[in-house]
Amino acid sequence: MSTVDIVLAGARGHGRWHLENIRRLQDKGVVRLAGICELIPLTAQELPEGLGTPEQSADFGALLDSTGARVAVICTPIPTHTDLALEAARRGVHLLLEKPPAPSFAEFRRMAEGVAEAGVACQIGFQSLGSQAVPAIRRMIAEGAIGEPAGIGGAGAWARAESYFRRAPWAGQRRLNGVEVIDGVLTNPLAHAVATALALGGTTRAEHVTDVETELLRANDIEADDTSCVRVATAQGHSVTVAATLCAEHPAEPYVVVHGSSGRITFWYKQDRVLLQRAGHGPEESEYGRTDLLENLVRHLTDGEDLLVTPEETGAFMKVVEAVRRAPDPAPLPAGSWHLLPDEQRRVVPGIDGLVTAAADTLALYSELGAPWALPHGLRTEVST
């Protein structure tokens with residue numbers, strides 16, 4: 001496999017993970033970091049050892065032209081994704097585009113159609129969908145390991161300090177300077193829970209989503225949601241419910257659970273760990289490998305390997321993003337329903353950990369579980385897509 005030159009747009013924040021991953025692949029001879037696009041160039045101290053001296057510029061298009069890069073990794077603020085992706089596509093540059101791919105379904109379609117018209121490959125950065133556990137779980141379901149599928153739940157109980165929402169001007173915003181951002185818990189930090197829950201049941205394309213219900217709330221002093229749940233009705237006939245918070249009492253590994261008539265499959269997607277529980281058998285736990293999405297993209301270009309996460313296969317996730325975007329602004333949690341942990345400078349919602357778990361277990365929304373601060377049942381937002 002020949003070495004592929006890469007430009008990374010957005011090398012700070014989560015972009016640091018991409019820098020380390022590119023270094024790993026560069027050490028294997030798979031890629032070479034040819035350029036970095038940042039408004040302020042990285043210092044020598046910010047650049048991991050072993051990456052050489054890539055060209056740096058704040059002008060993405062000019063950098064692609066001067067380096068002749070074949071692939072661009074885009075890890076920039078959400079509202080910039082579509083325009084940068086199309087700028088690369090016009091030059092014939094293939095893409096790894098970070099999630100969420102766009103802040104609205106219209107922007108997503110503009111990106112996907114432009115990329116397809118340009119004839120370039122595009123991988124969307126849902127790393128969990130590179131887990132070999134995903135096809136394994138799909139096989140288990142298809143083979144009837146847990147009986148008839150009865151729905152899929154997702155649970156994400158994370159914690160973020162108040163400083164997390166000050167890390168960038170767009171953090172925690174629904175819109176900024178008239179431009180939509182939609183940086184909520186379901187659409188960005190715990191977007192993998194939503195995308196993975198949808199994917200396990202085969203709900204990947206936009207047309208697979210028939211309806212979306214949302215309950216969007218916030219404990220933090222932000223515009224977007226930090227404690228929310230969503231229920232998706234699917235063309236496959238089952239529902240997908242994901243509950244998430246950034247205000248957990250005791251942060252835990254997020255997971256997705258597939259419910260069946262005679263068992264369940266739990267997938268801790270960050271750990272690639274799967275637990276199969278079924279009638280008449282003892283619990284079976286397995287760990288799986290993971291295919292790196294950038295390496296998969298490069299192998300697609302050099303060896304014809306199938307892409308794992310194409311834009312079309314994230315259309316269902318983008319329908320959820322669209323439902324969140326069209327919903328009323330998240331409701332602030334009432335006084336007394338959260339408190340600040342002074343040592344960690346983060347806000348906690350008492351009881352939220354149990355509610356997140358219960359939502360994934362029962363496929364119910366917070367209001368249906370009796371959360372005292374939830375939107376009244378029947379007044380929750382229903383968004384037909």
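This is a predicted model: local features need pLDDT of at least 70, side-chain atom pairs count only at pLDDT 80 or more; totals for chains, interfaces and linings use all residues.
**Exercise 1.** Determine how the span of H1 relates to the expected value.

*Solution.* Step 1: H1 covers residues 15-27, which is 13 residues. Step 2: the expected span is 1.5 Å times one less than the number of residues; for H1 this is 18 Å. Step 3: from first C-alpha to last, H1 reaches 18 Å, close to the expectation.

**Exercise 2.** Which residues of H1 are buried, and against which elements do they pack?

*Solution.* Step 1: buried means under 20% relative accessible area, exposed over 50%, and partly exposed in between (1.4 Å probe, protein chains only). Step 2: in H1 the buried residues are Gly15, His18, Leu19, Asn21, Ile22, Leu25 and Gln26. Step 3: their packing partners are strands E1 (4-9), E2 (31-37), E4 (71-74) and E5 (94-97), together with helix H7 (293-303).

**Exercise 3.** Describe E1 and its pairing with E2.

*Solution.* Step 1: five of the six residues of E1 are buried, so that E1 is mostly covered. Step 2: two strands pair if DSSP finds at least two bridges between them. E1 and E2 run parallel and are joined by six bridges. Step 3: within this pairing, Ile6 has Leu33 of E2 as its bridge partner.

**Exercise 4.** Identify the nonpolar cores and the surroundings of Phe317.

*Solution.* Step 1: a nonpolar core is a set of buried Ala, Val, Leu, Ile, Met, Phe, Trp, Tyr and Cys residues joined through side-chain atoms within 4.5 Å. Step 2: the largest core has 100 residues, and Leu19, Phe60, Ile265, Leu294 and Phe317 have the most contacts inside it. Helix H6 (residues 191-200) gives the largest share of this core, eight residues. Step 3: contact means heavy atoms within 4.5 Å. Beyond its neighbours within four places in sequence, Phe317 has contacts that include Pro100, Phe126, Leu186 and Val194.

How values were computed. Residues are numbered from 1 along each chain as its sequence is written. Side-chain values use heavy atoms; hydrogens and water are left out. Helices (H or I, at least four residues) and strands (E, at least two) are DSSP runs, numbered from the N terminus.
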